[in-house]
Amino acid sequence: MASLLRPTLRAVATRALHTQTAAAPATTPSALSLIRSQPSHYVVASVAGRKYLLTPRDLLTVPRLKDVKVGDVLKLSDIHELGSREYTVRGSPTIPAEQVHVEATVVEHTKGRMEVIFKKKRRKGYERTVRHKQTYTRLRIGPIDIVENASS
Amino acid sequence: MASKLAVPLKPFLRAQQRSLPANGHGAFVPQIRKLVFEFCDNWASSTNLRTYIHNHVENLARENPHVEFVVRRRSHREPVIRGFYINNRDKVIGLKGFEVTGIQQKVQLLLDSSGAKIKPLKRETVVSSTEAARGIWSGLHVEEPFRI
């Protein structure tokens, strides 16, 4: 019986506002300026061979980057997707680097917790203990800068 | 001449004026503040650290101007290196049995570290305090809400 009740007027109004479809912007710069007009953004970028969903101010932990020093600023070159609350731009396969700038600062080079790997074969006198600390680099993602100019 | 009246201020919530820590987002502040080398004059175990202090510490201090380098005598003890960090923690590494190259590696470890306690980092790839850009899904704001 409950399923036969019509939704309330308020629910209809909310739903209509939320699901109204506007025409998709024709050019990339207009799409980017639509996204730019919204308050918060996210980016799907490849770092060290893996894709991550990143927002400004977050701390990304990747396996140790050997050729980088603490305090260096890295520019993310492979950005696959840029989005905001209502709009998303997906590159094919990446968004050109001139249109979106995201930087990451190397905050530290650390090691993880000590892991003890114990191997044993019973009745054969074979026992090995391996002690291992994985090395990591932590990066702080900077602001997402959507470039505002006429270039496509 | 009438004095300029003060512009009325918009009321704001005090809790919104806080800032969350994000070292490296705008400016990066190196976390290590002091590095102390403690050696013994007489014992043979400190020989390598004494060689290192004699040959390398000056260049190290020049390359890392943000760090305070201290060389202390610690008689009749094994050689030790201490790093002091901005979060009030310190890391101490014993240098007994280390060659000069090993001491260099441990010094670099202390300079690179942030002083935070070592914890398992395998699972936490992205640590974020930013609210989700796309918002959180709500079961009450979908086209077809679930009816029991």
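**A chat about the inside**

Guide: Let's start with B:Ser46, which is buried, at a relative accessible area of 0%. Buried means under 20% relative accessible area, exposed over 50% and partly exposed in between, with a 1.4 Å probe and protein chains only. By the way, this is a predicted model: local features need pLDDT of at least 70, side-chain atom pairs count only at pLDDT 80 or more, and totals for chains, interfaces and linings use all residues. Residues are numbered from 1 along each chain as its sequence is written, chains are lettered from A and ligands numbered from 1 in the order in which they are written, and side-chain values use heavy atoms, leaving out hydrogens and water.

Visitor: Where is B:Ser46?
Guide: In the loop between β1 (32-39) and α1 (47-55) of chain B. Helices (H or I, at least four residues) and strands (E, at least two) are DSSP runs, numbered from the N terminus.

Visitor: And what does B:Ser46 touch?
Guide: B:Phe39, B:Cys40, B:Arg77 and B:Pro79, not counting residues up to four places away in sequence. Contact here means heavy atoms within 4.5 Å.

Visitor: New topic. How many residues are in the largest nonpolar core?
Guide: There are 25, and A:Leu60, A:Leu82, A:Val102 and A:Leu139 have the most contacts inside it. α2 (28-36) and β5 (78-83) of chain A are among the elements that each supply at least two residues of this core. Such a core is a set of buried Ala, Val, Leu, Ile, Met, Phe, Trp, Tyr and Cys residues joined through side-chain atoms within 4.5 Å.

Visitor: Why would they gather like that?
Guide: In soluble globular proteins, nonpolar side chains tend to be buried together.

Visitor: What does A:Leu82 touch?
Guide: Its contacts, leaving aside residues up to four places away in sequence, include A:Leu32, A:Ile35, A:Val100 and A:Ile144.

Visitor: Back to α2(A): which of its residues are buried?
Guide: A:Ala31, A:Leu32 and A:Ile35. Seen down the axis of α2(A), they fall within an arc of 95 degrees, so they line one face of the helix. That arc is taken from the directions from the helix axis to the C-beta atoms.

Visitor: What covers them?
Guide: The cover of the buried residues of α2(A) includes β5, β6 (88-90) and β10 of chain A.
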